[in-house]
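Take a look at the structure below. This report covers a metal site, a strand and a pocket.

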Amino acid sequence: MGEYLAVDVGGTKIAIGLGTDTGQLLETAILKTPAEKAPQDVLDQIADQALAMVHRHGVALEAVGVGSPGPLDGPVLLKTSNLSHWEGLNWETGLNTRLHVPVYVENDATAAAVGEWMFGAGKGTRDLVYVTISTGIGAGFVVNGRVMSGFRGNAGEFGHLVLDPAGPWCPAGHYGCVESYASGSALTREGRRHQKESPYLDGKESVDAKTVLQGWMRDDPVCGQIVDAATERLGRGLSYLIDLMNPERIIVGGGVGVNAPERYLTMIESYARQYALPAMMAVVQFRRAQLGEQSGVMGALAVAINRQHNPNSLGHAKES
Ligand SMILES: [Zn+2]
């Protein structure tokens, strides 16, 4: 049996990994995202790296998994602001014609959820919600032991649930979504706005989400208020998911989610508890993501393995 190729596509870098069906990475490589290049050149670059890897290890390729930024139309990238040259890029046909094995595509948050489910903090569960908190906020779901991709692969835009239409503006085109209150960008924005009032932040050369979290841990009252407001909104948003989906586990990942102190997780959980139904809250476990830096590439690997082994788990709907 052959090995699996994982392609984790990000706005600044593309991680490519060759791995086994038990989730062991044999090799990984990082490409700088060629955002100015045309789709055919991007696909050529990825395929060249992949073929060199396969050759070096003397293995056969079984399938490819891709974790792609959205929005997607199945395996096709739609127009995005930071990868506008790639509009219409078809990961499935593009990589299949170059590598000659099945190619499976999920949006990046869904892929990370599958990675945690198979190889990380979600192992052994059947119903999980994965939430990524970094610059933005997203989610991925496993429901009844199957990956929930949505009709065209875009399920899980948890960050853009609007909590208050009078809230902060969001570039997605609305106001007051979860992301506008609780993302790393929101922590940075609030930290900068209140820098002068904060004994910890005042005089700092640069303020970002990390600085705000540090100030909070040192009992700075302003940072405390910022983090409290953000975790309240996040906990409230999660209470909607908990009530809708009755998950067994909530896995918190992403740059902020993974690096924030333990207290941050406790606060999100206690705010979710204020709003979610007690029967749902009684059974859900909050866990931190385990795959860390590897979450993208392990997610893409898991997508390839899961879909290859479970032909009924189709992900997004196929054209008929
Ligand atoms: Zn939004």
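Predicted model: local features only at pLDDT ≥ 70, side-chain atom pairs only at ≥ 80, totals over all residues.

A donor here is an N, O or S atom within 2.8 Å of the metal.

**The zinc site**

Which residues hold the protein donors of the zinc ion? They are His160, Cys170, His174 and Cys177, and their donor atoms lie 2.1 to 2.4 Å from the ion. Along the chain, the donors follow the spacing H-x9-C-x3-H-x2-C. Two of these residues link distant parts of the chain: His160 sits in the loop between β10 (146-148) and β11 (169-170), while His174 belongs to strand β12 (residues 174-175). They are 14 residues apart.

Why is the arrangement tetrahedral? The four donor atoms around the zinc ion subtend angles of 104 to 120 degrees. Four donors count as tetrahedral if all angles lie between 85 and 135 degrees, so the zinc ion's donors qualify.

| Residue | Donor atom | Relative accessible area | Class |
|---|---|---|---|
| His160 | ND1 | 23% | partly exposed |
| His174 | NE2 | 21% | partly exposed |

Both values fall between the cut-offs of 20% and 50%, so His160 and His174 count as partly exposed.

**Strand β1**

Now turn to strand β1, residues 3-9. This strand is mostly covered, with seven of its seven residues buried. Both faces are covered. Glu3, Leu5, Val7 and Val9 lie on one side. Tyr4, Ala6 and Asp8 lie on the other.

Which strands does β1 pair with? One is β4 (residues 61-68), which runs parallel to β1 and is joined to it by six bridges. There, Ala6 stands opposite Gly65. Another is β2 (residues 13-19), which runs antiparallel to β1 and is also joined to it by six bridges. Leu5 has Leu18 of β2 as its bridge partner. A hairpin of three residues joins β1 to β2.

**The second largest pocket**

The largest share, six residues, comes from α7.

What kinds of residues make up the lining of the second largest pocket? Eight are nonpolar, two are polar and five are charged.

Technical notes: Residues numbered from 1 in each chain as written. Heavy atoms only, no water. Helix = DSSP H or I, 4+ residues; strand = E, 2+ residues; numbered from the N terminus. Nonpolar A, V, L, I, M, F, W, Y, C, P; charged D, E, K, R; others polar. Donors = N, O, S within 2.8 Å, 3.2 Å for Na, K, Ca; no water. Tetrahedral: all angles 85-135°; square planar, octahedral: opposite > 155°, others 65-115°. Buried < 20%, exposed > 50% of the residue type's maximum accessible area, 1.4 Å probe, protein only. Pairing = 2+ DSSP bridges.
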